[in-house]
Amino acid sequence: MAYAQSADARIYWEAHGSGDPPLRVMGLGASLEAWDRVAPTLATRYRTILFDNRGVGRSDVPPGPYSLEAMAGDAAAVLDAAGIESAHVFGASMGGMIAQEVALRYPARVRKLVLGCTSCGGREGVRAQPEVIAALGARTTSPGMPREQAMWAMAPYIYDPSTPRERIVEDFASRLSANGSADGYAAQFQAVRSWPGTHARLAGLRTPTLVIHGETDQLVPPDNGRVVARAIPGARLVMLPRAGHIFLTDQNEAASAAIMSFLQE
């Protein structure tokens with residue numbers, strides 16, 4: 001088991017495969033197991049670096065509040081621990097917000113940037129409907145709610161209606177296999193809510209960027225992908241039909257092909 005020391009937290013990380021290194025940054029309350037759908041594909045060509053954000057999985061759960069800026073520092077600490085000067089950085093959802101901060105704060109460390117199902121936050125960010133936000137925050141307002149119950153409450157908002165139920169069951173079983181601290185979730189959730197956003201800074205980003213988003217995403221509405229892509233010079237936008245927030249499950253083949261093609265160019 002490998003750990004990186006970042007300020008007040010030990011961050012758990014793993015490496016799989018060989019070749020150029022992509023660093024993958026996962027979203028709210030999710031451990032590195034949430035990358036299971038795309039991990040085998042990337043590991044065939046790359047030395048893929050995965051880690052658990054502070055507050056989840058095998059990483060420490062320091063007292064909150066957290067900030068996405070500090071979590072970007074955690075990602076940089078993982079690169080240091082892995083002996084990697086620069087990497088392709090792929091962030092999903094909250095991980096995409098963290099990835100934006102990594103690219104803006106440590107530009108020399110990011111070769112290419114993939115931003116999945118994410119937002120630039122701030123006034124330009126397009127918010128979900130109130131019932132979706134309420135479901136997302138249910139674990140913070142109802143501390144005794146079991147994780148699995150909270151996951152199923154969110155399922156209609158994060159998966160496309162066409163996705164077979166058995167795939168969702170597989171996803172949830174994988175996520176439940178890892179530690180999911182209620183305190184860590186609440187601290188991450190607050191980090192997202194207090195984030196000032198990046199829109200005003202994205203025009204200065206010179207990193208080749210792919211923005212990929214599901215067209216039926218209810219948690220981070222698809223217009224967020226369009227806003228981010230317009231704000232980053234030269235960014236490429238891929239919108240996936242019949243894909244919600246968890247597009248790697250809804251449309252795994254199409255999403256994996258778009259990501260691999262971009263990284264290989």
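Which residue lies over the face of Y3? Select Y3 and look for R10, which lies over that ring, 4.0 Å from its centre. Keep in mind that you're looking at a predicted model.

Next stop: the inside. Select L23, F51, L68, V78, I98 and L113; of the 58 residues in the largest nonpolar core, these touch the most other members. Now colour helix 2 (residues 68–81), which gives the most to this core, with seven residues. A separate, second core has 26 residues, including A34, A243, L248 and A255.

Go back to F51 and show what surrounds this residue. Leaving aside neighbours within four places in sequence, F51 is in contact with I11, Y12, W13, L23, R24, V25, L32, A75 and V78.

Time for some rings: the whole structure has five aromatic pairs. Pick W152 and F172, whose ring centres are 4.8 Å apart with planes at 80°, so this pair is edge-to-face. W152 sits in helix 6 (residues 147–158) and F172 in helix 7 (residues 165–176), so the pair ties together parts 20 residues apart in sequence. Are the two buried or partly exposed? W152 is partly exposed, at 26% relative accessible area, while F172 is buried, at 4%.

Last stop: Y185 and F189, a stacked pair with 6.4 Å between centres and 10° between planes. Both lie in helix 8 (residues 182–194), four residues apart, about one turn of the helix, and both are buried.

Terms used
Residues are numbered from 1 along each chain as its sequence is written. This is a predicted model: local features need pLDDT of at least 70, side-chain atom pairs count only at pLDDT 80 or more; totals for chains, interfaces and linings use all residues. Side-chain values use heavy atoms; hydrogens and water are left out. A nonpolar core is a set of buried Ala, Val, Leu, Ile, Met, Phe, Trp, Tyr and Cys residues joined through side-chain atoms within 4.5 Å. Buried means under 20% relative accessible area, exposed over 50%, partly exposed in between (1.4 Å probe, protein chains only). Helices (H or I, at least four residues) and strands (E, at least two) are DSSP runs, numbered from the N terminus. Contact means heavy atoms within 4.5 Å. Rings of Phe, Tyr and Trp (its six-membered ring) pair if their centres lie within 6.5 Å; planes under 30 degrees apart count as stacked, over 60 as edge-to-face and the rest as tilted. A charge sits over a ring if NZ of Lys or CZ of Arg is within 6 Å of the ring centre and within 35 degrees of the ring normal.
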